[in-house]
Amino acid sequence: MALEICVKAAAGAPDILGDCPFCQRVMLTLEEKKVPYKTHLINFSEKPQWLLEVNPEGKVPLIKIDDKWIADSDVIVGILEEKYPEPPLTPPPEFASVGSKIFISFVKFVKSKDPSDGTEQALLDELKALDEHLKAHITAVDLSLGPKLFHLEVALGHFKKWTVPESFTHVHSYTKVKYDVCGLLCFCKLFSVGK
């Protein structure tokens, strides 16, 4: 039986998956584990009453597992890992912090007005460490990074006319695969089982 998952709809386009990296992380986890699911797109400007009854805060992602609605992407991913252990996505302790500074480095760089302040190099250092990690490993840490890397590329491309250097081949391969999985597979699922 398919799990039910509530995710953010795009602003102004209630039939399209929105840009929430937490929802995308849970959907990527479901895809990686090949767990069937039914998607409910939630229009944040008109949240349905049934959603507010099961989750008064109205936050997403929200997933129904064993007749219980569960919120918070960290909690959801942990439960999915426990309930569906194959393939294992829990990172070994030595990889638990991989990429943990990418988002902070990204924010500092995007806000920076001084090109020589080191914020770009700090981001490049974090991306290089991720590139090295991705040569051999895919874990739940990586699944949470995929949507964030997408937002990083879009924002830095827009505000700084900056892209991830081509020399980070594993980062580029990873983001392409994750975009394809989350973008195409999730999009297809939304319209085949999501209504």
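Start by selecting K47 and F44: K47 lies over the face of the F44 ring, 4.6 Å from the ring centre. A charge counts as sitting over a ring if NZ of Lys or CZ of Arg is within 6 Å of the ring centre and within 35 degrees of the ring normal. Before you click on, know that this is a predicted model, where local features need pLDDT of at least 70 and side-chain atom pairs count only at pLDDT 80 or more, while totals for chains, interfaces and linings use all residues. Residues are numbered from 1 along each chain as its sequence is written, and side-chain values use heavy atoms, with hydrogens and water left out.

**Next stop: F109 and its neighbours**

Now select K160 and F109. The charged end of K160 sits over the F109 ring, 4.9 Å from its centre. For the rule, rings of Phe, Tyr and Trp (its six-membered ring) pair if their centres lie within 6.5 Å; planes under 30 degrees apart count as stacked, over 60 as edge-to-face and the rest as tilted.

F109 is in helix α4 (residues 102–111) and W162 is in the loop between α6 (140–160) and α7 (169–192), so the pair ties together parts that are 53 residues apart in sequence. Helices (H or I, at least four residues) and strands (E, at least two) are DSSP runs, numbered from the N terminus. F109 and W162 are both buried. Buried means under 20% relative accessible area, exposed over 50%, and partly exposed in between (1.4 Å probe, protein chains only).

**Another ring pair**

The count of aromatic pairs comes to 3. For one of them, select W50 and W69: the ring centres are 5.8 Å apart with planes at 45°, so the pair is tilted. W50 belongs to helix α2 (residues 49–54) and W69 to strand β5, so parts 19 residues apart in sequence are tied together. W50 counts as partly exposed, at 34% relative accessibility.

**On to the charges**

Side chains of opposite charge can pair when their charged atoms come close. A salt bridge here is a side-chain nitrogen of Lys or Arg within 4 Å of a carboxyl oxygen of Asp or Glu, and the count comes to 5. Select D74 and R25, which meet in a salt bridge at 2.5 Å, N to O. This pair links distant parts of the chain, with D74 in helix α3 (residues 73–83) and R25 in helix α1 (residues 21–33), 49 residues apart.

Then pick D66 and K83, another salt bridge, at 3.2 Å, N to O. D66 lies in the loop between β4 (62–65) and β5 (68–71) and K83 in helix α3, so the pair ties together parts 17 residues apart in sequence. D66 is exposed at 59% relative accessibility, and K83 is partly exposed at 35%.

**Last stop: two cysteines**

Finally, select C20 and C23. C20 is buried at 10% relative accessible area, and C23 is buried at 1%.
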